[in-house]
Amino acid sequence: MEGKLLFSVLLTFLLQLASAKFNVEKSSLRVTSPESLKDVYASAIGNFGVPKYGGTLHGGVVYPKSNQKACKSFDEFDLSFKPKPGDLPVFLLVDRGDCYFTTKAWNAQNAGAAAVLVSDDRVEPLITMDTPEEDASSENFLNNITIPSALITKRLGDSLKKALDSGEMVNVYLDWRESLPHPDERVEYEFWTNSNDECGPKCDMQLDFVRDFKGMAQVLEKKGYTQFTPHYITWYCPEAFVLSKQCKSQCINHGRYCAPDPEQDFSSGYDGRDVVIQNLYQLCAFRVANESHKPWVWWDYVTDFAARCPMKDKKYTTECADQVLKSLGFDQKKMSDCIGDPEADTDNPVLKAEQDAQVGKGDRGDVTILPTLVINNRQYRGKLDKSAVLKAICSGFEETTEPSVCLSTDVQTNECLDNNGGCWQDKAANITACKDTFRGRVCECPALQGVKFVGDGYTECKASGTGRCAISNGGCWNATKDGKTYSACLNEKSEGCKCPSGFKGDGVNKCEDVDECKEKTACQCRNCQCQNTWGSYECTCGGSLLYMREHDTCISKEAAKVGWGFLWVIFLGLAVAAAGGYAVYKYRLRSYMDSEIRAIMAQYMPLENQEEAANRVQHADI
């Protein structure tokens, strides 16, 4: 009865996974020859090896005469696929079946192949080639697979084989540049993991990854380049078995959140409920750290817990977890409030949110494989390795917004170092339009010292705006001779070049001196003698004559003196006239104002002459 119950519980877990919507992450496969097969085909990225996220790989396809399923070492058949100098890398085409996908990739890599293409053996939609759950034979090489792998349809595989049998050259171009979205300057990624450390190679792989990637992840997060979120998968126990011993040992909150038994043995060791509780601890550690604006502390907690509280040492307990939290300065009350009561017959908000997040949204399918990395809402496929994951994250940045770590020589090749990437450059001013990016390079006219260059970035970039003349003279002509410098660039104009006075030309490549004497545009007065200079001319008059450049004429020096004296007399006369006029004006203004004031006052009081007149009238009457 107990065996049947165990089978029912596990079957329910498998059905939950089977009902999930699973997205196969794909890369672009372009056949460049033969002509009859030229087209773009879909291929499924293997969940092992190192896909070239953000990059491409071009190679020639080879189908082995023996060991066509690549289940054995090619050394046994004396076959090598290492390319000769000058040859394209070899893409080894092998058949599906008889052994693990990882075994095929490992044997192909050891034989010198640069990539492996696995031809499906049945007509079906593409699937993801995954690593075996537990296989002792693959543990020794699983983490050492470095070549990319791709599953192709049976139809395409048969077509490639037919072309090769006919003696045709088959070349393929693998393209991972659009395998991950790269919309902006921040990458958002999720890591679906498990606190269980006794599940074989996969557990070892994810623990190694967390430990190795911790420093890089924390730097990227602290500087705002990434937004990281950890997640944990749980499943629910069928309602009919909620009160069973098996569900009680594998679940918390009355069967709502469960995890498989770590040892697949219900009678010994740790139970699934222990795993769920530690998953909950790690989730709450992230939530509490995130609320304090330090989400990167999650990496410290997980690595410390793995080191201090392993299952093999019988320390995989809540007491050990509490000690780790305390040593890292976590708020114990906030942690307790977040964890809640595992025995309560109610939903746990944290774990409920995790179950909801397992369901795929948009382009991202349901999460069914552990561990799973999701970058910009697209599931990562390939080796869970620090270098490989960093490259995948770097491919998720919008071009030219990547952090400097993505442009290091350990991560990518600087294409601007080779012939300036084919972009425009001004060697004299040490200015280039080539911008190195993780995906390659872009030719984009630069902005320098507040001056914006405009152009196509490939053949031309011209300085624009005020201040442009300070950088490479704004792209205009300039020259120095005999201690004089002339420029065709005008700072007051945002663009364009114009030869200065005394020169003619396009202002960009050439400005030639104008010979005013020869062209008779100056110094044409009688008795004038003209001599051309660079950018100007000199004109002299014979005898005692003086040259007037603005009038292009010669006048007598004495006349010039008399003329200036006459002008001074005129100026003096005008000054005296002005002063006299001003005095007359002030006198007339004062007289006018006096008369106006007297008239107004007469209306209100008798004035002195009026009193005298009145007295004379009175005396006459007497």
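The model is predicted. A search of the whole structure finds 16 disulfides, and three of them are described below. The second largest pocket holds about 380 Å³ of space. The largest nonpolar core has 84 residues.

**Disulfide of cysteine 309 and cysteine 320**

- Cysteine 309 and cysteine 320 are joined by a disulfide, with their sulfur atoms 1.9 Å apart.
- The torsion about this S-S bond is about -80°, so the link of cysteine 309 and cysteine 320 is left-handed.
- Cysteine 309 sits in the loop between α7 (297–308) and α8 (318–327), while cysteine 320 belongs to helix α8. The pair therefore ties together parts that are eleven residues apart in sequence.
- Cysteine 309 has a relative accessible area of 1% and is buried.
- Cysteine 320 has 8% relative accessibility. It counts as buried because that value is under the 20% cut-off.

**Disulfide of cysteine 423 and cysteine 443**

- Cysteine 423 is bonded to cysteine 443 through a disulfide, at an S to S distance of 1.8 Å.
- The angle about the S-S bond is -70°, and the link of cysteine 423 and cysteine 443 is left-handed.
- Cysteine 423 is found in the loop between α11 (386–394) and β14 (425–426).

**Disulfide of cysteine 541 and cysteine 554**

- Cysteine 541 and cysteine 554 form a disulfide, S to S 1.7 Å.
- A torsion of about -75° about the S-S bond makes the disulfide of cysteine 541 and cysteine 554 left-handed.
- Two strands are involved here: cysteine 541 lies in β26 (residues 536–541) and cysteine 554 in β28 (residues 553–556). The pair thus ties together parts that are 13 residues apart in sequence.
- Cysteine 541 and cysteine 554 are both buried.

**Second largest pocket**

- The volume of the second largest pocket is about 380 Å³.
- Its lining has 17 residues. Gly54, Gly55, Thr56, Val411 and Phe438 lie nearest the centre of the pocket.
- By class, five lining residues are nonpolar, seven are polar and five are charged.
- Domain 1 (26–176) and domain 3 (413–513) each give at least three residues to the lining of this pocket.

**Largest nonpolar core**

- Among the 84 residues of the largest nonpolar core, Tyr189, Phe213, Tyr301, Phe330 and Ile375 touch the most other members.
- Helix α6 (residues 272–291) gives the most to this core, contributing eleven residues.
- At least three residues of the core come from each of domain 1 (26–176) and domain 2 (187–407).

**Glutamine 68**

- Glutamine 68 is placed in the loop between β3 (56–62) and β4 (90–95).
- Its relative accessibility is 30%.
- Glutamine 68 and valine 94 are 26 residues apart along the chain. Their C-alpha atoms are separated by 5.3 Å.

Note on methods
Residues are numbered from 1 along each chain as its sequence is written. This is a predicted model: local features need pLDDT of at least 70, side-chain atom pairs count only at pLDDT 80 or more; totals for chains, interfaces and linings use all residues. Side-chain values use heavy atoms; hydrogens and water are left out. A disulfide is a pair of cysteine sulfur atoms within 2.5 Å. Helices (H or I, at least four residues) and strands (E, at least two) are DSSP runs, numbered from the N terminus. Buried means under 20% relative accessible area, exposed over 50%, partly exposed in between (1.4 Å probe, protein chains only). On a 1 Å grid over the protein atoms alone, a cavity is a set of points where a 1.4 Å probe fits but cannot get out, and a pocket is an open set with protein on both sides within 12 Å along at least five of seven lines; lining residues have an atom within 4 Å of a point. Grid points are joined across faces, edges and corners, and a volume is the space filled by probe spheres set on the points. Ala, Val, Leu, Ile, Met, Phe, Trp, Tyr, Cys and Pro count as nonpolar, Asp, Glu, Lys and Arg as charged, and the others, Gly among them, as polar. Domain bounds come from an automatic or database domain assignment. A nonpolar core is a set of buried Ala, Val, Leu, Ile, Met, Phe, Trp, Tyr and Cys residues joined through side-chain atoms within 4.5 Å.
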